Amino acid sequence: MRGETPSNILIYGKTGTGKTASVKYVTRELEKVSDRSPLKVRVVYINCEEVNTKYRVLATLANTFLEKARGNSDELPNSVPMTGWPTDEVYKCFFRAMDSERQLAVIVLDEIDKLVFRNGDEVLYHLTRINADLKNSKVSIIGISNDLNFMNYLDPRVRSSLSEEELVFPPYNAVQLKDILEKRARISFVEGVIQEGVISLCAAHAAREHGDARRALDLLRVAGELAEREGCESVSVEYVRRAHEKIEQDKMVEVIRTLPTQSKLVLYSIVVLSERTPRAIISGDVYSVYRELCAQSGMDVLTQRRVGDLISELDMLGIISAKIVSKGRQGRTKEIKLNIHPIQAMAAIHDEQLMSLDTLKLSRQLTLV
DNA sequence: GTTCCACAGGAAAGCTAGGATG
DNA sequence: CATCCTAGCTTTCCTGTGGAAC
């Protein structure tokens, strides 16, 4: 507001600790106050997860300021195309639009680690140095990152100028989460329908998972939805337990859905086996079934070595649990247990069209087991 | 005590798509 | 546009191993 060069700020914190919400709130207030002051403050919010190349970041910036600066200068174009121009041209355009009037620009780069990871720190280098060249305006950058280590990937010069001020958002503890939940619950639930201990339990669950407030709110919401769907008058701790289960299952279904095809096929083999045999599932059997499935669906067959790795990956993702057991002369194997309901697993696997084979017919044709 | 099964899982090389570079 | 590079898969080849059966 006083027209001095503002510090750049870097904000760290795990997901669901309120980084984005805080920044959005503060910048909104800042814009409100600046309406009454001679110096204009403009905030540009860019989520680097969506806008993930240096070109697109610059083009977004350029377009924002071109729109605002329209009419100030004749030689400025109306907009920058989202593809096609040389990058330095876009940069120049952004620069001129910025400098065409006296203003302070606050550029918020959310998930800045994604940008650095994909593109390196070139854009950041230019952006942090731009103040030296601007005559009328000033730029301040707010970087938001989940990754505490991402600074190590930056050029030292960028690092020091970007982190003139650092802010760490620590995870919420259970008490704080409880506080947040209570406030929200007062708005969204009819008074008295939430039973004793429900909110504490939600808070405890979320606190155990890195203090993610979003997770805590989800838990409470899903518990409420479950109770409502069953026509229950109040939300009991039992619903929280089931909500937790449901969220875990949904997460798993999502993971399965995005699995590569070969992994799906391996998982499918395990599901088929789990439905046809009461015996423990053995990695050797999985491989046999897998080979048959490949033959029937016309996919190329991976080696046993590789399938073993895929099984370990499924284990790491928590979709299955595998433990090594030795059966004397019957050798050593992995005994595999499915951690998700077979029907749900099937549905998640078949979600994609590439596995559009008629599964029932297919598994009936299986000669093994 | 010895054997030997049926795999686990390490090392290294080959392959390939997609991105960077000139 | 051609070419070069790189990361992520995958294969090949290999050594290791717990414990029931001999």
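Q: Which residues does Phe94 touch, not counting residues up to four places away in sequence?
A: In this predicted model, Phe94 touches Leu58, Leu61, Ala62, Phe65, Ile107, Leu127 and Ile130, with neighbours up to four places away in sequence left out. Contact here requires heavy atoms within 4.5 Å.

Q: What makes Phe94 and Leu109 stand out in the largest nonpolar core?
A: This core has 39 residues, and Phe94 and Leu109 are the members that touch the most others. Its largest share, 8 residues, is contributed by helix α2, which spans residues 54–69. Another core lies apart from it and holds 33 residues, including Leu293, Cys294, Ile320 and Ala322.

Q: How do you know that the span of helix α3 is close to the expected one?
A: Helix α3 covers residues 87–99, which is 13 residues, and its first and last C-alpha atoms are 18 Å apart, close to the 18 Å expected at 1.5 Å a residue. Phe94 is one of the buried residues of this helix, together with Val90, Tyr91, Cys93, Phe95, Ala97, Met98 and Asp99.

Q: Why is Val108 called buried?
A: Buried means a relative accessible area under 20%, and Val108 has 1%, so the residue counts as buried. Val108 lies in strand β3 and touches Val23, Thr27, Val43, Val44, Tyr45, Ile46, Ile142 and Ile144, again without residues up to four places away in sequence. The C-alpha atoms of Val108 and Thr20 are separated by 9.5 Å, although the two residues are 88 apart along the chain.

Q: Why are one side of β2 and one side of β5 left without a neighbour in the sheet?
A: The open sheet in question has 5 strands in the order β2-β3-β4-β1-β5, with parallel pairing. Strands β2 (40–47) and β5 (165–169) stand at its edges and have a single partner strand each, so one side of each has no neighbour in the sheet. Between neighbouring strands of this sheet the average turn is 15°, direction ignored.

Q: How do you know that β2 and β3 pair, and in which sense?
A: Pairing requires at least two bridges between the strands, and β2 and β3 (residues 103–110) are joined by 8 bridges in the parallel sense. Within this region, Asn47 stands opposite Asp110 in β3.

Q: Which strands do helix α1 and helix α5 lie across?
A: Helix α1 (residues 19–34) lies across β1 (9–13), β2, β3, β4 (138–145) and β5, and runs at about 160° to β2. Helix α5 (residues 122–133) lies across β3 and β4, with an angle of about 145° to β4.

Q: How many residues lie between β7 and β8 in their hairpin?
A: The hairpin formed by β7 and β8 has 5 residues between the strands, and Gly328 in the turn has a positive phi of about 55°.

Q: Why does Thr333 count as buried?
A: The cut-off is under 20% relative accessible area, and Thr333 has a relative accessibility of 12%, so this residue counts as buried. Thr333 has its place in strand β8 (residues 332–338) and touches Ile282, Ser283, Gly284, Lys323, Ile324 and Val325, residues up to four places away in sequence not being counted.

Q: How many disulfides does the structure hold?
A: A disulfide would need a pair of cysteine sulfur atoms within 2.5 Å, and the structure holds 0 disulfides.

Definitions and conventions: Residues are numbered from 1 along each chain as its sequence is written. Chains are lettered from A and ligands numbered from 1 in the order in which they are written. This is a predicted model: local features need pLDDT of at least 70, side-chain atom pairs count only at pLDDT 80 or more; totals for chains, interfaces and linings use all residues. Side-chain values use heavy atoms; hydrogens and water are left out. A nonpolar core is a set of buried Ala, Val, Leu, Ile, Met, Phe, Trp, Tyr and Cys residues joined through side-chain atoms within 4.5 Å. Buried means under 20% relative accessible area, exposed over 50%, partly exposed in between (1.4 Å probe, protein chains only). Helices (H or I, at least four residues) and strands (E, at least two) are DSSP runs, numbered from the N terminus. The expected span of a helix is 1.5 Å times one less than its number of residues. Axes are lines fitted to C-alpha atoms, for helices over the stretch in contact, and angles run from 0 to 180 degrees between N-to-C directions.
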